Structure formats: structure tokens, C-alpha cells
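Trainee: I would like to learn how to read an interface between two chains. Could we work through one together?

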Amino acid sequence: MASIYSLFIISKSGGLIFYKDYGSSGRMDTNDSLRLASLWHSMHAISQQLSPTTGCTGIELLQADTFDLHCFQSLTGTKFFVVCEPGAQHMESLLKVIYELYTDYVLKNPFYEMEMPIRCELFDLNLSQAIQKDRVALLGR
Amino acid sequence: MQFFGGSTAVEASPAPAAPPGTLTGLAGNNANVLYIFNRNGVCLLYREWHRPLRTLDAAQDQKLMFGLLFSLRSFTAKMDPTSSEKGNLGVPLLPGQGCSFHSFRTNTYKLSFMESPSGIKLILVTHAKTSDLREALRYIYNLYVEYVVKNPLYVPGTPIKSELFNTNLDQYVKTLI
């Protein structure tokens, strides 16, 4: 059923701090992932300017031909987005779980510098577990 | 050549048949804004039904919209997880080349997009809870073909000034949910 192709985390200034690919044939090298993350950051901001009504906080879901992209922006401006299959369900809750893992294992890590790429083992470990659980739960249905 | 397999008559029943005005509080008109661009970025039509907030003047707004779409298409073509060989970011894409998006949603609005093979881009901005509007965009494209393209006095690449087109468009938009 639905599973994610990749996960990106962007800092509030627009730089990519985390990128993980979960088995798409569109695996990207570092430079490309950096460029795409910055591009997404800018487009997210532009979409707020084009809103016909007030109170827009940016793109939450982008639907393309072969994939969907769900984006979650925290109150501090850190953006988490996943590329998944079209029509995937429960991506918002997955993003919130990832946000919680980020706050627990990255932000509370005293050796982590803000806006730097994430290199926390515990975060990677728990993230893999969360994604795996999500996948198993979906396949089990 | 039947690109959409549609009929020549505009009276073809639109696919999104639904009771008008059910979800929104907007009297009658259920869309906010419509843009039509040609492949060179010229805005052929900007039609506004409900837009309380305008951050930029009209020309800037249209350029920004076109730029956003151009970048989004590059982005989706590069991000496509199902194809492994892609061009570089920023390379101008032909209509239909690479993975393209059909809509995006924010918390306040939903933008639906359609590009014809000739590069005519239709953008419809509606409220956030709208369902899939691809059929609606195809219908509007058919209206464009009937009332604008087939008008012998219309010069391609110039802004659209057809009363019939505007009237039919307004009528159709009232039936969207």
C-alpha cells in the first residue's frame, strides 16, 4: 500500500539538514537534494504570498502525477516533508511522529548545533523504527 | 486530433456535477481566482471572483504565479521517484515532459493546475476543501477552445476579451463545489 519514498528536513533558513531515501529509483546525490530543498523552501514562501485570503501558512500537500508530497511546518519554521505514493493516507500523523522524534533526539541532544546537518544515531534508529512500524501496519491490513 | 476526447459542443455535461454553493459561504461563485497563461508567460486571462487579500499589484502577481508554476514543474520533474534519469534543475521543460503536478493545497486555498500540449496553462484557485478539479479544468479548456480559439478575430498571445467566454465561465464556476 502506501509507503514513503523519501524524507527531507529543512531548517528555518532553508538549508537541508536531513535527507533519507527509502527505495525510490529517483535517488539523488547530495547536491541535487540540497538544491531541491532550497527550491522547496522558496516555493513554500511564495505560495503564502499568492493566497487570496489571509492566514496562509504555506503548502501542505502537493499532488503530482507519480507522487504526493506532504509538508509539515513547525511553529519555528522547520519543515518536514515526505514524498510518497499518490493517495497515501495518514502522512500527516507520520510527519507529527517524526517531528516528535526530532524534538526528542535532535533538539535535546546537547551536542547538536542548530541548523547543522543531523548526525544523531538515536534519531536515525528511532526514525527507521517508526517508518518500519508504519509500513508493517499498513501491509498488515 | 482529440486531445481530451471531448466533444465539440460546449453543452457536454461537466463531470463535477454537484449541488451549487453547498460548501462555501460565497454567494454563487465557488472559485476565488482563475489565471490562464500561454507558453511564453503572457497572462491571457485573470479572472477574480473572491479575493479579499491582494499582496502585490496585478502584473507582479501574475509574474509571480507564472514563476512559481515554472519552478514547481522543474521541482516535480526532478523529484519524481519513479524515473531515474532526469535532466538538470532549471532546464526549461516542454509541456508534458517530466512529471508534472496537478494541484497543491495550503491551509487557506487549493490551486489546481492544467497544462495543454500547446503550453496553455490554466490555474484555478479555490477554497481548501475542494475535491479534484482536473475535470473542471478540462471543461474550462474546452470553453477556451470554443469561445476564444475559434473566434476569428482573436489574436493568439493577446489577452482574452470575449464576453461569451466570460459569461459561460462565470456560469460554469457557479456550479463547482
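Mentor: We shall go from the extent of the interface to its composition and then to its pairings, bearing in mind that this is a predicted model.

Trainee: How is the size of an interface given, and what is the area buried between chain A and chain B?

Mentor: The size of an interface is often expressed as the accessible area that is lost when the parts come together. Here the area buried between chain A and chain B is about 3,400 Å², and carbon and sulfur atoms give 66% of that area. Of the area that chain A buries against chain B, Leu50(A), Pro52(A) and Gln63(A) supply 20%, more than any other three residues. In terms of contacts, 36 residues of chain A touch 37 residues of chain B.

Trainee: How many residue pairs are in polar contact between the chains, and how many salt bridges are there?

Mentor: There are 13 residue pairs in polar contact between chain A and chain B, counting pairs with both residues at pLDDT 80 or more. The count of salt bridges between the two chains is two; Arg105(B) forms a salt bridge with Glu60(A), with 3.4 Å between the closest N and O atoms.

Trainee: Which elements of chain A supply the side that touches chain B?

Mentor: Strand E1 (4-10), helix H1 (30-49), strand E3 (59-64) and strand E5 (79-84) of chain A each supply at least two residues of that side, and the largest share, nine residues, comes from H1(A). By type, the residues on this side of chain A divide into 19 nonpolar, 13 polar and four charged.

Trainee: How do E3(A) and strand E3 of chain B run where they are joined?

Mentor: E3(A) and strand E3 (residues 101-106) of chain B run antiparallel and are joined by five bridges. Within this pairing, Gln63(A) stands opposite Ser103(B) in E3(B).

Note on methods
Residues numbered from 1 in each chain as written. Chains lettered and ligands numbered in written order. Predicted model: local features only at pLDDT ≥ 70, side-chain atom pairs only at ≥ 80, totals over all residues. Heavy atoms only, no water. Contact = heavy atoms within 4.5 Å. Buried area = accessible area lost by both parts, 1.4 Å probe. Salt bridge = Lys/Arg side-chain N within 4 Å of Asp/Glu carboxyl O. Polar contact = N/O pair within 3.5 Å; in protein donor to acceptor, adjacent residues only side chain to side chain. Helix = DSSP H or I, 4+ residues; strand = E, 2+ residues; numbered from the N terminus. Nonpolar A, V, L, I, M, F, W, Y, C, P; charged D, E, K, R; others polar. Pairing = 2+ DSSP bridges.
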